[in-house]
Amino acid sequence: RAGVNRLSLGVQALNDAEDQKQRQIFGATAYDAMKQQSDPAYRPVQQYAGAWGLTADQVQSVYQAVHAFQDQAELTRTAADLRASAGQPVNWREINSALEQARQQAEAGLVNQIGAERVWRLEQNGLLESGLPHPGS
């Protein structure tokens, strides 16, 4: 698991470096707004905010929680895939279990913020998915 975490951190460092480069080119505020508006996690939250009774602050809070979860899930899967492609063993059950734990934690935090019914709506729109289980699981 430590190897997967190290790879995850390496992938995150590359992503962070690219983000910094883009921020320098476009300016931090413009870049962050553009990135948020184009993020698949943001669009449905923003689109359904009125129907779901979410305030602007709740939209931001929900988006940040969903985005953080999805980023972590992607990094974890990418690191595991890199490890597997390098011929190193990967415990896919452990990876999938960690992803499910992260999903449950994100869900619990969101339930505290916006209530179970709204979280259910997020789930129905696929915003709390960590990806399909790996075939090796």
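**Close-up 1. Helices H3 and H4 are roughly antiparallel to each other in this predicted model**. Their packing angle is about 155°, and angles over 145 degrees count as roughly antiparallel. The axes lie 9 Å apart. H3 covers residues 42-52, and H4 covers residues 56-85. The crossing of H3 and H4 is right-handed.

**Close-up 2. Residues of H3 meet residues of H4**. From H3 come Tyr-42, Val-45, Gln-46 and Ala-49. From H4 come Val-59, Gln-60, Val-62 and Tyr-63. By class, this contact of H3 with H4 has six nonpolar and two polar residues, and no charged ones.

**Close-up 3. Helix H4 packs against helix H5**. H5 spans residues 92-114. The angle between H4 and H5 is about 175°, and their axes are 10 Å apart. That angle makes H4 roughly antiparallel to H5. On the H4 side, the contact includes Val-62, Phe-69, Arg-77 and Asp-81. On the H5 side, Trp-92, Leu-99, Arg-103 and Ile-114 are among the residues involved. By class, the contact of H4 with H5 has 14 nonpolar, five polar and three charged residues.

**Close-up 4. The largest pocket holds about 430 Å³ of space**. Its lining is made of 18 residues. Nearest the centre lie Asn-15, Asp-19, Lys-35, His-67 and Asp-71. Helix H1 (2-26), helix H2 (28-38) and H4 each supply at least two lining residues. H4 gives the most, with six. The lining divides into four nonpolar, six polar and eight charged residues.

Notes: Residues numbered from 1 in each chain as written. Predicted model: local features only at pLDDT ≥ 70, side-chain atom pairs only at ≥ 80, totals over all residues. Heavy atoms only, no water. Axes fitted to C-alpha atoms, helices over the stretch in contact; angles between N-to-C directions. Helix = DSSP H or I, 4+ residues; strand = E, 2+ residues; numbered from the N terminus. Parallel < 35°, antiparallel > 145°, perpendicular 65-115°, else oblique. Contact = heavy atoms within 4.5 Å. Nonpolar A, V, L, I, M, F, W, Y, C, P; charged D, E, K, R; others polar. Left-handed = near helix turned anticlockwise from the far one by under 90°. 1 Å grid on protein atoms, 1.4 Å probe; cavity = no way out; pocket = protein on both sides within 12 Å on 5 of 7 lines; lining within 4 Å. Points joined across faces, edges and corners; volume = space filled by probe spheres on them.
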